[in-house]
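Subject: Structure for your review

Dear colleague,

Please find below the structure that I am handing over to you. My notes on it follow directly after.

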Amino acid sequence: MSVLPELRYPTVTEQADAARALTAQRPGVCTLRQVGASRAGRPLHLLSVGRARRAVLVVAGAHANEPTGSCTLLALARRVLDQRELRDGISWHFLLCADPDGASLHVTPAPRSLFDYHLGFFRPAGPEQPEWAPSVLPPDRLPPETRALTGVIDELRPYLQVTLHGTDLGGSWVQLTKDVPGLAEPFAKSAAELHIPVETGASDAAGWPASGPGVHVMPAPGIGPAYPSLPDDARHSTWFHAHRYGGLTAVVEVPMWASDLVDDPAPHPAPAAAIGRLARRLQSDALEVTRVLEDALPRLADLDGPLLRAARWGLELVPGLAADLVHTPPADRTMAYVGSVDAFARRVPLRAAAMLRRVLRGTDERAAKQLENLVATWSDAFAARFRARWVPLEHQVEHQSRTVVAAALHAREGTG
């Protein structure tokens with residue numbers, strides 16, 4: 001596994017400084033303004049390029065642990081400035097970071113391995129995630145980051161919202177709230193040119209129809225979720241807010257480490273049995289972390305911060321998720337899908353252990369060391385099982401950028 005990134009992921013402050021520099025260079029074309037503030041008072045900035053009525057909104061930083069989007073957003077803004085044809089009848093708007101508080105807690109700007117990545121890992125609990133909060137909270141309890149994002153959508157009425165996501169290890173895929181005819185071809189071509197596998201059986205889109213390999217379209221409202229126990233529902237997320245104005249959302253995922261095991265369309269010989277084994281491992285791994293947490297709880301009375309809430313939230317999902325995996329027929333019977341479920345089942349307890357370790361450092365060093373050993377063991381096993389290879393950051397950014405541009409152009413054709 002290649003372990004040293006060629007570039008580093010910018011902090012929120014560095015990202016804002018770069019946006020200000022672009023605005024200073026092209027003041028007649030660019031504007032930068034604050035559109036809200038986080039729960040901790042950090043500003044949420046919107047960089048706009050062009051003034052056309054028809055708008056594309058690009059959102060970065062919705063998940064703190066998916067940092068590639070922060071680089072892609074800036075690269076896209078520069079591309080739009082340099083290529084005038086991309087501004088022909090379109091204005092582009094870039095929400096620099098949807099969750100700056102979360103970004104301040106995920107502290108691996110240049111991870112050298114999966115273990116290094118997890119040492120500084122943070123991903124908030126579902127109700128604290130800007131895009132997912134509307135699917136699990138009533139409107140009067142939505143966080144200010146969510147209200148700022150939906151307010152921008154209400155103002156711009158974009159025909160396309162693109163939200164930049166990523167995965168630690170796997171392949172690239174796209175989730176669409178409505179189909180974008182023609183997108184699958186440039187997406188696949190870009191991935192092939194940059195040696196990024198296409199995740200054809202992504203568990204995040206389990207049961208969704210595909211308009212092409214790795215391009216998944218939200219199913220009709222009457223179709224139930226593949227994992228009924230999970231509380232979040234994409235149909236109630238901010239992804240669907242653009243629909244009230246006739247728009248749609250594209251979620252573009254790109255891996256930090258790639259695995260060629262996630263694009264194998266061959267039938268799995270026994271998918272249900274394999275997924276059952278993964279469910280049992282998920283329960284066993286989560287139990288190891290839960291035991292450490294329960295033992296440490298008396299010493300955590302005054303430490304109920306976002307790291308602890310996120311760790312507990314993840315662990316609480318495990319019983320229902322494991323039951324879903326065992327009792328629900330596989331949404332896909334391919335090798336790629338079983339591999340994606342394998343990765344998903346590894347992530348949940350690994351992430352909980354990583355965040356709980358950070359909570360316990362300085363409070364219970366023995367427990368923190370125990371969790372660090374689990375994080376190291378599970379990270380190495382994850383990388384080895386999937387034959388992980390680092391995707392150069394410039395390739396991550398280029399593929400995500402190409403896919404966004406292709407989505408914008410094809411969606412424009414589809415909306416007239």
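Four bridges join strand 2 (residues 43–49) to strand 4 (residues 91–95) in this predicted model, and the two strands run antiparallel. Strands here are DSSP runs of E with at least two residues, helices are runs of H or I with at least four residues, and both are numbered from the N terminus. Two strands count as paired if DSSP finds at least two bridges between them. Within this pairing, Val-49 stands opposite Trp-92 of strand 4.

Strand 4 also pairs with strand 3 (residues 55–59), here through five bridges and in parallel. In that pairing Val-59 stands opposite Leu-95. From strand 3 the chain passes through helix 2 (residues 68–82) to strand 4, a β-α-β crossover that is right-handed; that is, with the strands pointing away from the viewer, the path from the first strand over the helix to the second runs clockwise.

Strand 4 is mostly covered, with five of its five residues buried. Buried means under 20% relative accessible area, exposed over 50%, and partly exposed in between, using a 1.4 Å probe and protein chains only. In a regular strand the side chains alternate between the two faces of the sheet. In strand 4, Ser-91, His-93 and Leu-95 point one way, whereas Trp-92 and Phe-94 point the other way.

The model also contains seven aromatic pairs. Rings of Phe, Tyr and Trp (its six-membered ring) pair if their centres lie within 6.5 Å; planes under 30 degrees apart are stacked, over 60 edge-to-face, and the rest tilted. For Tyr-117 and Phe-121, the ring centres are 5.8 Å apart and the planes stand at 70°, so this pair is edge-to-face. Tyr-117 counts as buried at 1% relative accessibility, and Phe-121 does too at 0%. Ring pairs link Tyr-117, Phe-121, Trp-257 and Trp-390 into a cluster.

As for the chain as a whole, its secondary structure comes to 12 helices and 10 strands. Buried residues make up 57% of its 416 residues. The C-alpha atoms fill a box of roughly 60 × 50 × 45 Å along the principal axes.

Regarding conventions, residues are numbered from 1 along each chain as its sequence is written, and side-chain values use heavy atoms, with hydrogens and water left out. Because the model is predicted, local features need pLDDT of at least 70 and side-chain atom pairs count only at pLDDT 80 or more, while totals for chains, interfaces and linings use all residues.

With kind regards
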